[in-house]
Number of protein chains: 2
Amino acid sequence: MEQPTFGVIGGGSWATAIVKMLCENLETVGWYMRSVYAVEHIKREQHNPSYLSSVEFKTEQLKLSTDINEIIAYADILIFAVPSAFIGSELNNVNTSLEHKIIISAIKGIMPESGKLLGDHFNTAYHIPLENIGVIAGPCHAEEVALERLSYLTIACAKEKNAKIVAKHLSSDYIKCTTSDDIIGIEYAATLKNIYAIAAGIAHGLGYGDNFQAVLMSNAIREIKRYVKSAHKMKRDINSSAYLGDLLVTGYSVFSRNRMFGNMIGKGYTVKSAQMEMSMVAEGYYAAKSAKDLNETRKKKAKTPIIDAVHEILYKGKEPKKVFKKLIEQLD
Amino acid sequence: MEQPTFGVIGGGSWATAIVKMLCENLETVGWYMRSVYAVEHIKREQHNPSYLSSVEFKTEQLKLSTDINEIIAYADILIFAVPSAFIGSELNNVNTSLEHKIIISAIKGIMPESGKLLGDHFNTAYHIPLENIGVIAGPCHAEEVALERLSYLTIACAKEKNAKIVAKHLSSDYIKCTTSDDIIGIEYAATLKNIYAIAAGIAHGLGYGDNFQAVLMSNAIREIKRYVKSAHKMKRDINSSAYLGDLLVTGYSVFSRNRMFGNMIGKGYTVKSAQMEMSMVAEGYYAAKSAKDLNETRKKKAKTPIIDAVHEILYKGKEPKKVFKKLIEQLD
């Protein structure tokens, strides 16, 4: 693969940021998005109308399409960056072969339909060999990529050569990439962090302060460590940027949708009314259910008091104040 | 020791917060502070004039004194909470025996004169046996204790029984205490975190964003792990609240003196002018020198690129922008 072709699937801020990174290195970048309006707007105005609109594209670099099959046919390497809630319906439209493609997930969540990580889903439902599946992890707010602020990414693939190819094409002055072979651990960590961001939001909404937030994050990373160990035991440093850094950038972000959602719950909104207030469902909402369910199926369940607490609040209608009163006794 | 007596040494915000915690459990708390004015003010107005002035004390609970020897004579357990820069001059006034006292350090720093942690200093200069020396660690902003916001403390002593006695008398509805026997590791971590807060401030001053801050903290905790391992090898979970939580509460605090100091340096102030702008020298300034010097004396030096970078900027007059350009290549 001398010069592989890349296609990005998705029209949101993270997809837009990834297209920007690739444009630093490639003559042409394939880009699928659902919205005809957005594609027309980008062609005319050189920027995405709804996300990271400050990012100017050279449209001659973009192979834009509202047909997912066209971009799949075009690209050797496909980067999926749509919210996990929409990936199922997008994949329903695919009738082009995914054989021989390298599939990279930039989706930080579990597919609600299958309860699976995206990599796992592609492996089982599309028979993509694991060595051709990868994941992109932060810590990375798309908004800072738009501003070209220094950010570090980790690209994980079972086959390191593939991770290196992707890393090479995302790297630039302001993007540093490292590679890893812990695709399962990194994808889980990226998913779980949204649950902890909800927990941080609930705590804030309930009136807990910065001292407690630090304790919560310190317990969260230990919980992630136990969870990914029980999902896939291997040697990993949980304090690497892809795990701890990703948790921190989300858990400390006041702009995180997950944290905002949690904050509303903590302040007394019902789950339904909090969801109605937000234009997009917070990833962590689904993740709390899937992560809890998955943990229950394990022979050796990980101890996850924070996930359990968020799950009780979001899915069992328990009162946040009471649940946290119990939770704080389990933290240290 | 059925009901031990406690004395707090110091008049700043952390000392004031500790006195408040003890007042929840004790009939009388000894409290030494240098300022005659402050003592008079507390007696008259029931609050510290300069720090945490919202905290109301019942003055009949306080045994206040401007004579350090009086409080030392009174208390079985002495909690030192003065900035490390002043501890030397305070100790010069001590002519009361410290024998049989339990000495607890709430000082997050290294004594500039001896280059030693406080516990180490008491052990070598005053022959206090190690089992009677302990340390109180956060994550804990004193300001949140004033607001009675839930906070977790870790009390470390070589002799666990002593840690438990102190923990018992600091605990309340809003203070949860755990104990540890890693006094050296926790005291180092509490000291080093101020250097990373300076680094975070410099990064912010130079224009780095939240993505980089998360990478910096993720690298910082790994650096702390290596440093304390080379200082004192033992089994510890570096992600416990006393290490990681304490790093986060400081490194993410926009009110941290260390972070503010770093921010000024990053924005182009010289070290001298930044220090002149601040009423109190940031602990991390001394810590950067002591920690670096101590590391140099070790047979197996820990790899500490962040401490080295801060040291180069603060003590070698190197340009922050250039030093960080080199530093970012060493992080991942």
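This is a predicted model: local features need pLDDT of at least 70, side-chain atom pairs count only at pLDDT 80 or more; totals for chains, interfaces and linings use all residues.

Q: At what angle do helix H13 and helix H14 of chain A pack?
A: Two packed helices are described by the angle between their axes and the distance between the axes. For H13(A), residues 283-297, and H14(A), residues 305-315, the axes lie 9 Å apart. The crossing is left-handed, and the packing angle is about 120°.

Q: How many charged residues does the contact of H13(A) with H14(A) have?
A: H13(A) brings residues including Tyr285(A), Lys289(A) and Lys292(A), while H14(A) brings, among them, Ile307(A), Asp308(A) and Leu314(A). By class, there are seven nonpolar residues and one polar residue, and the charged ones number three.

Q: Is the crossing of H8(A) and H11(A) left-handed or right-handed?
A: Helix H8 of chain A covers residues 183-206, and helix H11 of chain A covers residues 257-266. Their axes are 6 Å apart, at an angle of about 40°. As for the hand of this crossing, it's right-handed.

Q: How many polar residues are in the contact of H8(A) with H11(A)?
A: Among the residues in contact are Asn194(A), Gly201(A) and His204(A) of H8(A), plus Asn258(A), Gly262(A) and Asn263(A) of H11(A). Seven of the contact residues are nonpolar and one is charged, while the polar count is eight.

Q: Which kind of axis relates the two copies?
A: Chain A superposes on chain B by a rotation of 180° with 0.0 Å of shift along the axis, at an RMSD of 0.0 Å. The two copies are therefore related as by a two-fold rotation axis.

Notes: Residues are numbered from 1 along each chain as its sequence is written. Chains are lettered from A and ligands numbered from 1 in the order in which they are written. Side-chain values use heavy atoms; hydrogens and water are left out. Axes are lines fitted to C-alpha atoms, for helices over the stretch in contact, and angles run from 0 to 180 degrees between N-to-C directions. Helices (H or I, at least four residues) and strands (E, at least two) are DSSP runs, numbered from the N terminus. A crossing is left-handed if the near helix is turned anticlockwise from the far one by less than a right angle, and right-handed if clockwise. Contact means heavy atoms within 4.5 Å. Ala, Val, Leu, Ile, Met, Phe, Trp, Tyr, Cys and Pro count as nonpolar, Asp, Glu, Lys and Arg as charged, and the others, Gly among them, as polar. Copies are superposed by least squares on the C-alpha atoms of residues with pLDDT of at least 70 in both.
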